[in-house]
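Hello,

Here is the structure I promised to pass on to you. Have a look at it first, and then read on for what turned up in it.

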Amino acid sequence: MADMTPEAIRSLFDAQHRASRAQPDVPVAVRRERLLRLRALLEEHAPTLAAAVQADFGMRSPRLTEVADFFLLRAQMAQTLKHLERWCRPQRVATPLYLRPARAWLQRQPLGVVGIISPWNYPVQLALGPAIGAIAAGNRVLLKPSELTPHTSAKLADLIAKAFAPEEFCVLQGGPDVAAQVAALPLDHLVFTGATAVGRKVALAAAANLTPTTLELGGKSPAIIDADCDLRDAALKLAHGKLLNAGQTCIAPDYLFVPKGSEAAFTDHYRAAVAQLFPYFSGNPDYASIITPRHFARLRDLLQEARTMGATVHEMTAAPGTPMPPQQTLGDGIARQMPPALVLGATGQMRLMQEEIFGPLLPVMAYETLDDAVGYINAHPRPLSLYWFGNRTAVRDEVLARTVSGGVTVNDTLLHIAHENLPFGGIGDSGWGAYHGESGFLRFSHAKPVLVQSRWGAGKMLYPPYGARFDRVMGLIRRLM
């Protein structure tokens, strides 16, 4: 599909803007009905959407899309519907003694029009996840999905157009120019998920209209294995977190610290873990393709540079004797199923350690003391996620206290994103703002403070002209504070 014209984009935005201003406060019943429509869309058309994702990747099992996209959306939707009425209620707040008997509360209202620019790696979840929170908060939604997943984007556009009026929720299709136009609209909020470099451009464009943003930007998420850790267990969990979607996950462990001297043992355990999860790679529907030939070539370049600079690369191979099923592919999907690799002896001079990898390559660095690992992490931009493996509570708490990241999972990977009551977001170069659950509802709401003065209020005692009475009142207030 050709990119939408600037005029068409502006027309859709104007319609949503007018609708939001005509109905500043959206009843809970209307919000719930919109959410139920979105849930019905997901339930009825999940197989079609999974097939579209498969077509875009070339090789990505519908079961992978089920667990990585639909499962999280279903959990988020169920929690939102369960708690929506409570979230929408005015929140009473305590009134200080010197303002009593006045009453006060926070009235949660929609922001208006929320724009979402979503990425390709989880093209359903990261498009509709923010939309659930925005709709629950009573907003209109403009969604611009990724041009790198055209089948999924087109299917989302078709389904949403059938389920929603354009002034409620609509999809804008196109490439980077359309994304830039969306970022430049005078939206009431903008959610962007993607690369840090692009996030900076989005933030600059939004700033021209003072549009508040939520940016989820990924980055280099570290993992640390403590000396007393069960290497076999850690290797399996790291392999799963790293290789889900072939590493094309914003919170995937991006590099690993292991205690000095344990590199060989970890390599053996990691190789066994990979074989357990993916006995073979080429033609395995559970092992996703790299999204495009360009992304695949970049990963091969990163690996080759690391070799040239002295790293030891352990590329994983199919388990011996594994029967190969008939190869099924869409397009060149099999050609882009990149075998996993461990890169031992990685250094900060390698691009592999400077760029977000977004692929099945795991650099490994040995550390002698915890200070070495923590010092390296703190010398670099704050990561979206951090993972720690070990049994010593004191060491765990020291790592948590001495590092700052968007989120943490201890003794596993990825799972903090699946916890319904934990906000998800980054910090610093890995983004700002958080959504999921009530945090997302609040992110897309305006908590309007309201104070209702009592007829018995004594505020006039602070009016001019100032004099002895004023001094006595202020003295009393100071003693009460």
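R92 has W105 as its bridge partner in β2. That pairing belongs to the link between β1 and strand β2, residues 103–110, which run antiparallel and are joined by two bridges. Please keep in mind as you read that this is a predicted model.

If you step back from R92, you will see an open sheet of three strands, ordered β1-β2-β18, with antiparallel pairing. Its edge strands are β1 (91–92) and β18 (445–452), each of which pairs on one side only.

Now for the helices. Two packed helices are described by the angle between their axes and the distance between the axes.

Take helix α8 (residues 231–243) and helix α9 (residues 263–277) to begin with: they pack at an angle of about 55°, and their axes are 8 Å apart. That angle makes α8 oblique to α9. The crossing in which α8 passes α9 is right-handed. Which residues meet here? From α8 there are L231, R232, A235, L236, L238, A239, H240, K242 and L243, and from α9 there are A265, F266, H269, Y270, A273, V274, Q276 and L277. By class, the residues of this contact of α8 with α9 are 12 nonpolar, three polar and two charged.

The other pair is helix α11 (residues 370–378) with helix α12 (residues 393–402), packed at an angle of about 25° with their axes 11 Å apart. Because angles under 35 degrees count as roughly parallel, α11 is roughly parallel to α12. The crossing of α11 and α12 is right-handed. In α11 the residues L370, D371, V374 and N378 meet V395, E398, V399 and R402 in α12. The contact of α11 with α12 has four nonpolar residues, one polar and three charged.

Enjoy exploring it, and do write back with any questions.

Best wishes

Technical notes: Residues numbered from 1 in each chain as written. Predicted model: local features only at pLDDT ≥ 70, side-chain atom pairs only at ≥ 80, totals over all residues. Heavy atoms only, no water. Axes fitted to C-alpha atoms, helices over the stretch in contact; angles between N-to-C directions. Helix = DSSP H or I, 4+ residues; strand = E, 2+ residues; numbered from the N terminus. Parallel < 35°, antiparallel > 145°, perpendicular 65-115°, else oblique. Left-handed = near helix turned anticlockwise from the far one by under 90°. Contact = heavy atoms within 4.5 Å. Nonpolar A, V, L, I, M, F, W, Y, C, P; charged D, E, K, R; others polar. Pairing = 2+ DSSP bridges.
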